[in-house]
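Subject: Structure handover

Hello,

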Amino acid sequence: MRVWIVFLLCLAGKAMAAPTEEAVAVDTVVEEEPIMEEEPIMEEEPIMEEEEVIVEEAKEIGANPVQVETGEEAFDEAIDIEEVATENPCLNHHCKKGKVCEVDDTNSPMCVCQDPTTCPAAVGEFEHVCGTDNKTYDSSCHFFATKCALEGTKKGHKLHLDYIGPCKFIAPCMETELKEFPLRMRDWLKNVLVTLYERDEDNNLLTEKQKLRVKKIYENEKRLQAGEHSLDLLALDFEKNYNMYIFPVHWQFGQLDQHPVDGYLTHTELSPLRAPLIPMEHCTTSFFDMCDADNDKYIALEEWAQCFGLKEQDVDKDLVI
């Protein structure tokens, strides 16, 4: 603010230079008259008033008052925004899906269930999701907000996101189909890793350790290329090139085991994989249910590996990078 005042004073000084000299000349003439011996009128001193007058006149003559006011307001506004941003305790407070952060009476952040009506409206049917209650929700936001409101109830405990898209009839999985599912799944996981390796130019998709392992698969001349293959060919390739499938199975487990990283997969952790698969692979749910061999609602790494046909001696926690 002082900088602006000095700037204005300088401008005003230049603009009012001529009048000031005349005023000095007049003062000099007055001082020569021998009338003022009683110390009467020394009115030139009120500097503060003169500064105020100069500032006022400067706004009219030497400066753009709009620019000055805008600059000050923008500066103050920027400070206000910055202060609000740093003081908001919810900024760095993470809430799980279905919850939003609010501040309590002590200015402490807390997570509360989101009102489903505050969720953005679905753009199209592709945003719809189907719950395990066989009900279609407008979006995942609406689903998780509804699930949150049911926390602590039996219905809420059983409610999970089943798959992406509106609810539809899912054909039952036959036993023969269930045996075929791991063949396609293993081949798909291997091809996903190879694709990530090919596209990972900026090292954002795979870590260096992962790239080294996938590189061996990628450069192997015996690798079965991606495409439509018969189940017999997939089974034969798994038998002959078994080692190529060990790391992809471990990698997928590590990708899912995130909340928390504890060596077990929950229904929620499986959702990113199973939700998009179910509409295309009707045996997905049955397959993951089968993987939970002890029916404890958790899939351990050993159970996961066994589900995909890996040998017990090849299960290695160090491969879950």
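In these notes a residue is called buried when its relative accessible area is under 20%, exposed when that value is over 50%, and partly exposed in between (1.4 Å probe, protein chains only). This is a predicted model, so please read it with these limits: local features need pLDDT of at least 70, side-chain atom pairs count only at pLDDT 80 or more, and totals for chains, interfaces and linings use all residues. Residues are numbered from 1 along each chain as its sequence is written, and side-chain values use heavy atoms, with hydrogens and water left out.

Disulfides

A disulfide here is a pair of cysteine sulfur atoms within 2.5 Å. Helices (H or I, at least four residues) and strands (E, at least two) are DSSP runs, numbered from the N terminus.

Cys291 and Cys307 form a disulfide with their sulfur atoms 2.0 Å apart. The angle about the S-S bond is -115°, and the link is left-handed. Cys291 lies in helix H12 and Cys307 in helix H13 (residues 301-307), so this pair ties together parts that are 16 residues apart in sequence. Both Cys291 and Cys307 are buried.

Cys173 and Cys283 also form a disulfide, with 2.0 Å between the sulfur atoms. The link of Cys173 and Cys283 is right-handed, with 95° about the S-S bond. Cys173 is in the loop between E5 and H7, while Cys283 is in the loop between helix H11 (267-277) and helix H12 (284-291), so the pair joins parts that are 110 residues apart in sequence. Cys173 is partly exposed, at 21% relative accessible area, whereas Cys283 counts as buried at 2%.

The disulfide of Cys130 and Cys167 has its sulfur atoms 2.0 Å apart. The torsion about its S-S bond is about 100°, so the disulfide is right-handed. Cys130 belongs to strand E3 and Cys167 to the loop between E5 and H7, so parts that are 37 residues apart in sequence are tied together. Cys130 counts as buried, at 1% relative accessibility.

Strands

Two strands pair if DSSP finds at least two bridges between them. Strands of a sheet pair through backbone hydrogen bonds, either parallel or antiparallel.

Three strands form an open sheet in the order E4-E3-E5, with antiparallel pairing. Strand E4 (136-137) and strand E5 (161-164) stand at the edges, each with a single partner strand, so one side of each has no neighbour in the sheet. Strand E3 (residues 129-131) is joined to E5 by three bridges, and Val129 stands opposite Ile164 in E5.

Strand E1 (residues 99-103) and strand E2 (residues 109-113) run antiparallel and are joined by five bridges. E1 and E2 form a hairpin with five residues between them, and Asn107 in the turn has a positive phi of about 65°. Cys101 stands opposite Cys111 in E2.

A residue in helix H7

Val194 lies in helix H7 (residues 175-199) and is buried, with a relative accessible area of 5%. Which residues does Val194 touch, not counting residues up to four places away in sequence? With contact meaning heavy atoms within 4.5 Å, Val194 touches Val214, Ile217, Tyr218 and Arg223. The C-alpha atoms of Val194 and Lys211, 17 residues apart along the chain, are separated by 9.4 Å.

Regards
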